[in-house]
Amino acid sequence: MKRLLTATAFLMGTTGIAAAKGDLQLYNWGNYTSPELLEKFKAETGITVTVTDYDSNDTALAKVEAGGSGFDLVVPSANFVQIWVEKGLIDTLDLAKIPNHGNIAPEWKDVVWDMGRTHTVPWQWGTTGIAVNTAVYKGDVNTSAVFLDVPEELKGKINVVPEMNDVLSLALWYVGGEPCTEDTEMLKKARDALIAAKPDWISMDYGVTEKMSNNDWAASVNWNGSTMRVRLANPDVVYGYPKEGYPVWMDSVAVLKDAPNKDNAYAFLNFILVPENAAMISAFARYANGVAGSDAFMPEDMKTAPEVVVPEEFKAAGKFLPTCSPKAQEYYTAIWTELQK
Amino acid sequence: MTQSPAERLQIRRSARNGWWLSTPALVLLFVAAAGPLVIMLIYSFLTPGQYGNVVGVFSTDGWRGIIWSKDIFTDEYVLADAHMTIFWRSLSLSMMTTIFTFIVGFPTAWFIATRPPSQRAMWLFLITIPFWTNLLIRTYAINEVLRKEGLVNLVFLNLGIIDQPLEMLYGPFAIFVGMTYVYLPLMVLPLFAAIDRFDMKLLEAGYDLYASRMQVLRRIIMPIVKPGIIAGSILVFVPSLGAYVTPRVLGGGKQMMIGNFIELQFGQGRNWPLGAALSMALLVVVMIALLVYVRYANKDGGKHHG
Amino acid sequence: MARSSFSVARLPGFATTAVLVFFALYLPIFTLVAYSFNASQSVAVWGGFSLEWYAKAWDNQQVKDATLRSLIIAVSAALIATTVATMAALGTTRRREFKGQGFIYVMINQPLMVPEIVTAVALLILFGILKTNAAEIGGPIGYFVDTVMNKGLGFIILAHSAFCIPFAYLPIRARLEGMDLSLETAAADLYATPWQTFRRITLPLMAPGIVAGAMLAFVISLDDVVITEFVKGAGQDTLPTYMLGQLRRQLTPEINAISTMLLAVTVVLLTAFFLLTRKKD
């Protein structure tokens with residue numbers, strides 16, 4: 001009996017802990033929000049932001065769809081934004097409440113997946129390419145051949161992050177197709193290329209930043225910001241932009257339709273569109289942001305980093321990933337399952 | 001042999017008590033464990049939604065997908081040998097883990113149970129401390145020990161046993177080590193609980209009758225601590241079938257287990273019905289195995305003492 | 001018992017194996033603790049001694065909240081699961097096998113048999129329905145669901161208690177089955193009531209099993225990632241879900257520092273607990 005009472009007391013007590021932080025609930029990727037940013041926001045507006053982590057777009061979508069989650073803001077990737085809109089989970093933005101909306105950099109304003117930015121506000125963007133330790137491999141790093149037709153020096157030392165959309169897109173571009181294609185010829189070629197290359201990979205895992213910093217891996221398909229961090233620990237590492245085509249990704253913030261603190265949410269959106277604050281976000285995770293004028297406030301090493309500032313000759317090869325049709329998605333998953341076997 | 005009315009009443013009362021005592025557990029389990037599975041069962045008969053989740057249209061594709069998969073390019077149904085490989089891999093890994101944790105866990109549990117009573121709590125304590133660390137972290141710690149520049153390789157290199165560091169990670173060996181490490185207390189604790197009650201005088205009697213140590217082990221100790229062995233085996237074998245954190249971190253993601261495969265369906269695979277069907281199938285297979293195992297084990301063991 | 005050089009309890013190779021096991025168990029833990037003092041950012045390459053990660057972890061409010069939450073959940077879930085499992089163990093052992101006993105056994109072990117992701121998604125759906133309808137139900141039930149269950153950690157604790165039950169049940173049952181009924185029969189012969197017999201003979205005899213079960217349940221709850229990830233609501237990260245979020249970005253020795261601190265705290269607490277209850281021996 002006593003145990004039961006104690007347990008109930010705990011339950012009651014925990015209500016206090018949870019409710020005290022209820023001013024703004026941000027649902028974001030893990031380790032992606034600058035604590036200083038949140039402190040500054042609190043100092044200016046008095047609103048306390050509580051961050052809850054997720055580690056995949058699918059989990060976030062499933063959780064919010066189930067209902068009653070209590071989040072105000074979510075940060076989906078570009079190719080998921082339309083899915084959220086279609087399912088009626090996010091609001092059309094009330095632009096009157098976001099005076100700083102004009103700060104969005106022109107090249108990020110009319111994106112295919114959110115024309116005119118009526119549903120989302122930029123958070124960070126980046127690219128997916130190949131990080132290579134040039135002490136081990138001195139050849140051309142700007143090609144997907146590094147992981148699809150692995151050179152001798154890298155056999156058994158290269159990792160491929162298990163991001164289905166990124167990896168399949170890179171493979172499709174490599175064999176001459178397009179992402180989200182339903183062309184079975186291209187899909188077959190991509191699948192064959194991947195399966196043939198897999199024995200030469202050491203693993204399909206995350207954690208590139210540590211594992212390349214301590215030389216467990218000599219190369220990996222990786223995101224640009226993470227590669228920059230590796231380079232800072234290990235100067236031999238270079239970030240390659242596959243010339244056959246590489247994905248550009250962007251994470252943006254959206255307001256949930258059943259958000260309990262909508263006004264606070266808009267205040268936050270407005271806040272992150274101020275150039276200095278956007279720079280703060282970038283400085284934390286090391287990815288560029290989509291706000292005009294933030295360059296002046298970016299940390300020195302990011303202003304000239306080849307990972308962050310895409311060199312001219314590679315700009316054209318970088319494209320946003322579209323949202324695949326269900327049929328294309330089926331193909332993707334089937335290939336991915338076969339690959340992971 | 002007919003039972004007297006009094007005996008029958010006793011039996012009924014005993015059964016009723018059994019039910020009453022079990023009710024709180026059953027209620028809790030039904031609400032938060034078994035009940036939700038009914039939802040999963042329903043989902044296994046629905047159609048995958050466009051972006052995950054399900055659509056309320058009846059379909060048996062989920063179940064068919066367990067053994068047959070549509071060849072992506074020819075649209076015909078072929079035997080899904082990818083799935084078979086995955087099932088077999090998980091099954092053998094779980095069996096090996098169970099056997100190995102028993103081989104090292106039994107001596108450990110015996111050791112702890114035969115310490116002087118004042119020390120016993122401390123040893124028990126010592127064996128559980130590593131498990132107060134989070135699973136993810138422990139798995140990463142094993143990674144650190146097994147890597148090319150990790151402790152094990154360093155020691156071997158210094159002792160001259162090898163001259164090149166061994167790549168022990170990213171393969172079945174690392175997963176096996178990790179699983180054994182993770183599931184060991186689940187074998188040791190039930191074994192300890194059973195051995196702790198073992199009457200050493202029985203051993204004395206055995207030795208007095210000129211039995212060897214091996215005979216004593218096999219014919220006196222084992223049968224009596226059998227409930228502990230059963231408990232430990234179940235606690236290791238069953239959850240290890242659905243494990244996926246350890247295989248993923250230590251296997252480098254190149255070796256998919258049933259747990260990873262099911263998780264994929266609820267994630268990037270966007271095929272919840274298949275995931276649901278797979279787990280139902282897993283549940284059934286395990287239940288059957290469990291019933292067979294327990295029935296077999298209790299055939300000569302489950303006597304009541306006294 | 002006469003002290004002879006022939007120890008009845010000694011079995012060949014057992015002590016050696018046990019010692020090796022302890023050594024192997026602690027090896028990764030020592031590595032973990034050692035690297036928490038690493039001056040460099042890496043979790044694997046040593047860069048010198050430093051306490052900076054402890055400072056960082058100490059300042060990290062998110063981590064502190066998550067840890068506290070994890071502990072509250074684990075203690076509650078372990079208490080509930082052990083209590084309920086003890087009763088169930090008593091109800092299903094040492095009696096004539098009754099109809100439906102097999103069913104109870106299967107139900108109790110069922111959480112073990114299904115990969116966590118499945119229970120996680122199913123609970124997400126179930127709880128989601130409850131959460132969204134809490135407002136409509138209104139009244140005290142609606143209020144209860146909304147505050148204690150949703151905003152309080154009720155749903156998470158409920159989920160954890162359920163899957164901890166088999167972990168508590170099996171050691172208790174193993175203990176019970178090996179127990180000698182003669183002591184209890186003797187007590188009954190001496191006119192003790194069933195309740196007295198239970199409290200003063202059965203329960204103390206069962207104690208090692210119950211303790212083993214409670215410890216297992218606690219650890220299992222503390223460790224849970226998948227179910228918590230799906231069932232948690234806004235602002236309800238636990239330590240494991242926080243760490244899962246870190247996995248995709250960058251692992252720093254901060255995680256080692258957090259784990260070491262948690263380890264130290266639990267060791268201290270348990271030592272205190274054992275020392276205080278030692279008087280019985």
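Chain A splits into domain 1, residues 11-125 + 249-303, and domain 2, residues 126-248 + 310-340; domain bounds come from an automatic or database domain assignment. Before going on: this is a predicted model, where local features need pLDDT of at least 70, side-chain atom pairs count only at pLDDT 80 or more, and totals for chains, interfaces and linings use all residues. Residues are numbered from 1 along each chain as its sequence is written, and chains are lettered from A and ligands numbered from 1 in the order in which they are written.

Taken over C-alpha atoms, the centres of domain 1 and domain 2 of chain A are 28 Å apart. In the contact, domain 1 of chain A supplies 14 residues and domain 2 of chain A supplies 12 residues; two residues are in contact if their C-beta atoms, placed from the backbone, lie within 7 Å.

What does the domain 1 side of chain A that touches domain 2 consist of? α4 (78-86) and β4 (121-133) of chain A each give at least two residues to it. Helices (H or I, at least four residues) and strands (E, at least two) are DSSP runs, numbered from the N terminus. The largest share of that side, 4 residues, is from α4(A).

Now chain B. Its secondary structure is 13 helices and 4 strands. Along the principal axes, the C-alpha atoms of chain B fill a box of roughly 75 × 75 × 30 Å. Among chain B contacts between residues at least 6 apart in sequence, 67% join residues at least 24 apart.
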